[in-house]
Amino acid sequence: MNETSPAQQWRVPSSLPAAKLAGAVLLVALGLLFADGDPVRLVVAVLAAAALAGWAVRDLVAPVRLAVDPAGLTVIHGFAGRRLLPWSTVEEITVDRRPRLGLTSETLEIDAGDSLHLFGRYDLGASPEEVAAALRAAHPDTVG
């Protein structure tokens with residue numbers, strides 16, 4: 001990538017937070033339906049729904065998980081923060097493939113020396129292999 005290349009970014013698909021919020025509502029509804037006067041069942045359902053809703057809020061507040069520009073990579077850090085990884089700190093960009101239950105999962109791994117950043121398909125809204133290829137092409141010194 002040269003200095004005039006535009007930045008690229010990868011984000012959570014817009015349908016994902018909506019699905020998580022719908023799931024949270026469904027959990028509360030099921031908790032109310034099956035509680036049968038047992039407050040523990042309802043509390044467990046509400047806590048699970050709150051966790052799912054919090055996860056959806058993160059997707060809404062910080063949908064961009066990874067961005068690349070001539071300065072380096074910007075990754076999500078913490079709940080909704082951002083962290084710049086200068087190209088000089090990026091040691092390796094790989095895709096880890098693992099078979100699970102008859103399906104193969106892919107995870108983009110960015111090794112920045114003192115930190116490892118992992119992104120799945122639903123973090124990126126694209127195939128980790130495609131994103132890895134774009135990152136390698138953008139890196140001024142080609143890395144693994």
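The model is predicted. It contains an open, antiparallel sheet of 4 strands in the order S1-S2-S3-S4. The salt bridges number 9.

**The sheet S1-S2-S3-S4**

- The sheet is open, with strand order S1-S2-S3-S4 and antiparallel pairing. Its edge strands, S1 (8-11) and S4 (81-86), each pair on one side only. On average, neighbouring strands of this sheet are turned by 20° against each other, direction ignored.
- Strand S3 (residues 72-77) pairs with S4 over 6 bridges in the antiparallel sense. Opposite His-77 stands Gly-81 of S4.

- Asp-96 stands opposite Thr-107 in S6.
- The hairpin of S5 and S6 has 2 residues between the strands, and Leu-101 takes a positive phi near 55° there.
- Leu-108 has Phe-119 in S7 as its bridge partner.
- In the hairpin of S6 and S7, 4 residues lie between the strands, and Gly-113 takes a positive phi near 80°.

**Helix H2**

- Helix H2 (residues 39-61) has 23 residues, which at 1.5 Å a residue should span 33 Å; the end C-alpha atoms are 32 Å apart, in agreement.
- Its buried residues are Ala-45, Ala-49, Leu-52, Ala-56, Arg-58 and Asp-59. These buried residues pack against helix H1 (15-34), strand S2 (64-69) and S3.
- The N-terminal end of H2 is capped by Asp-38, with a side-chain oxygen 3.1 Å from the backbone nitrogen of Val-40.
- Asp-38 also forms a salt bridge with Arg-41 at 3.6 Å, N to O. Arg-41 is partly exposed at 45% relative accessibility, and Asp-38 is partly exposed at 29%.

**Other salt bridges**

- Asp-114 and Arg-83 form a salt bridge, with their closest N and O atoms 3.7 Å apart. Because Asp-114 lies in the loop between S6 and S7 and Arg-83 in strand S4, the pair ties together parts 31 residues apart in sequence. Asp-114 is exposed, at 68% relative accessibility, whereas Arg-83 is partly exposed at 25%.
- Asp-96 meets Arg-98 in a salt bridge of 2.6 Å, N to O. Arg-98 has a relative accessible area of 45% and is partly exposed.
- A network of salt bridges links Lys-20, Asp-59, Arg-65 and Asp-123. Asp-59 is one of the buried residues of H2.

Methods: Residues are numbered from 1 along each chain as its sequence is written. This is a predicted model: local features need pLDDT of at least 70, side-chain atom pairs count only at pLDDT 80 or more; totals for chains, interfaces and linings use all residues. Side-chain values use heavy atoms; hydrogens and water are left out. Two strands pair if DSSP finds at least two bridges between them. Axes are lines fitted to C-alpha atoms, for helices over the stretch in contact, and angles run from 0 to 180 degrees between N-to-C directions. The expected span of a helix is 1.5 Å times one less than its number of residues. Buried means under 20% relative accessible area, exposed over 50%, partly exposed in between (1.4 Å probe, protein chains only). Contact means heavy atoms within 4.5 Å. A polar contact is a pair of N or O atoms within 3.5 Å; within protein, one must be able to donate a hydrogen and the other to accept it, and residues adjacent in sequence count only if both atoms are side-chain atoms. A salt bridge is a side-chain nitrogen of Lys or Arg within 4 Å of a carboxyl oxygen of Asp or Glu.
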